[in-house]
Amino acid sequence: MMITIGILVANLINYGTVKLEHGWRISLGVGVVPAIILCVGSLFLGDTPNSLIERGKKEAAKKMLQKIRGMDNVDEEFQDLIDAAEAARDVEHPWKNITTPKYRPQLIFCSLIPFFQQFTGINVIMFYAPVLFKTLGFGNDTSLMSSVITGGVNVVATIVSIFSVDKFGRRILFLEGGIQMLICQLAVGIMIALKFGVSGEGYFTKWRSWSSLILYMCIRCSICMVLGSTRVVGS
């Protein structure tokens with residue numbers, strides 16, 4: 001959620017500074033602010049209890065856990081962390097084990113879901129989105145406007161994922177997003193094929209451009225919903 005909001009804010013800053021004389025300098029300069037916060041904040045960021053345990057610093061790990069929980073009685077949780085670290089150390093050939101039949105379903109899902117997410121062609125669709133915005137009369141700053149709208153769609157789709165994944169489950173969210181993506185991409189492909197064919201020559205009327213734009217946003221929304229469900233799985 002914070003990532004999509006950050007992307008939207010960055011797009012809004014770019015669009016808001018484009019008319020200024022030194023707008024691009026302001027846009028780049030504002031990007032320094034979160035970078036400074038991250039760099040300075042990292043100086044005060046302590047190690048996690050898990051990291052300290054893995055490096056043999058158990059006393060420091062326990063103190064850090066007590067600090068995080070705000071209480072002294074963390075013995076049970078601390079022992080769980082130690083047991084998990086020892087179990088992880090006892091695993092032999094972890095990269096080889098992940099290819100065994102026991103973990104094959106997880107390996108397939110983790111590999112093929114992001115692969116097919118990119119293979120859907122969403123990057124190509126978003127690359128040509130500014131052309132549609134220009135056809136609709138948004139002016140010369142169509143790329144920035146399309147970025148703002150895309151960022152807004154990302155935020156909305158992420159909110160939908162957050163509030164629906166626990167209520168309906170990851171599987172329903174994944175299937176709904178996949179079906180929506182399939183239908184919208186077929187519709188976009190048919191519209192482009194009918195108007196441009198294999199020669200690539202033709203044009204879209206305004207209502208066709210609006211229709212394509214809505215379908216594009218639906219595709220982006222569905223991909224965010226699919227990713228929202230898979231990220232919950234990964235976490």
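Modeller: Here it is; this is a predicted model. Just past the end of α7, Gly 121 has a positive phi of about 90°.

Colleague: What is the span of α7 from first C-alpha to last?

Modeller: Helix α7 covers residues 104-119, and its 16 residues reach 22 Å, close to the 22 Å expected at 1.5 Å a residue.

Colleague: Switching to charges. How many salt bridges are in the whole structure?

Modeller: Three. One of them joins Arg 69 and Glu 77, with N to O at 2.6 Å. Arg 55 and Asp 47 also pair, at 2.9 Å. Asp 75 bridges to Lys 62, where the closest N and O atoms are 3.0 Å apart.

Colleague: Where do Asp 75 and Lys 62 sit?

Modeller: Asp 75 is in helix α5 and Lys 62 is in helix α4, 13 residues apart, so this pair links distant parts of the chain.

Colleague: Which residues make up the negative patch on the surface?

Modeller: Glu 76, Asp 80, Asp 83, Glu 86, Asp 90 and Glu 92. Asp 90 lies in the loop between α5 and α6 and is exposed, with a relative accessible area of 60%.

Technical notes: Residues are numbered from 1 along each chain as its sequence is written. This is a predicted model: local features need pLDDT of at least 70, side-chain atom pairs count only at pLDDT 80 or more; totals for chains, interfaces and linings use all residues. Side-chain values use heavy atoms; hydrogens and water are left out. Patches are made of residues with over 30% relative accessible area and no salt bridge: like charges are joined within 9 Å, nonpolar side chains (Val, Leu, Ile, Met, Phe, Trp, Tyr) within 5 Å. Accessible areas come from the Shrake-Rupley method with a 1.4 Å probe; for residues, only the protein chains shown count as cover. A salt bridge is a side-chain nitrogen of Lys or Arg within 4 Å of a carboxyl oxygen of Asp or Glu. Lys and Arg count as positive and Asp and Glu as negative; His and the chain ends are not counted. The place of a charge is taken as NZ of Lys, CZ of Arg, CG of Asp or CD of Glu. Helices (H or I, at least four residues) and strands (E, at least two) are DSSP runs, numbered from the N terminus. Buried means under 20% relative accessible area, exposed over 50%, partly exposed in between (1.4 Å probe, protein chains only). The expected span of a helix is 1.5 Å times one less than its number of residues.
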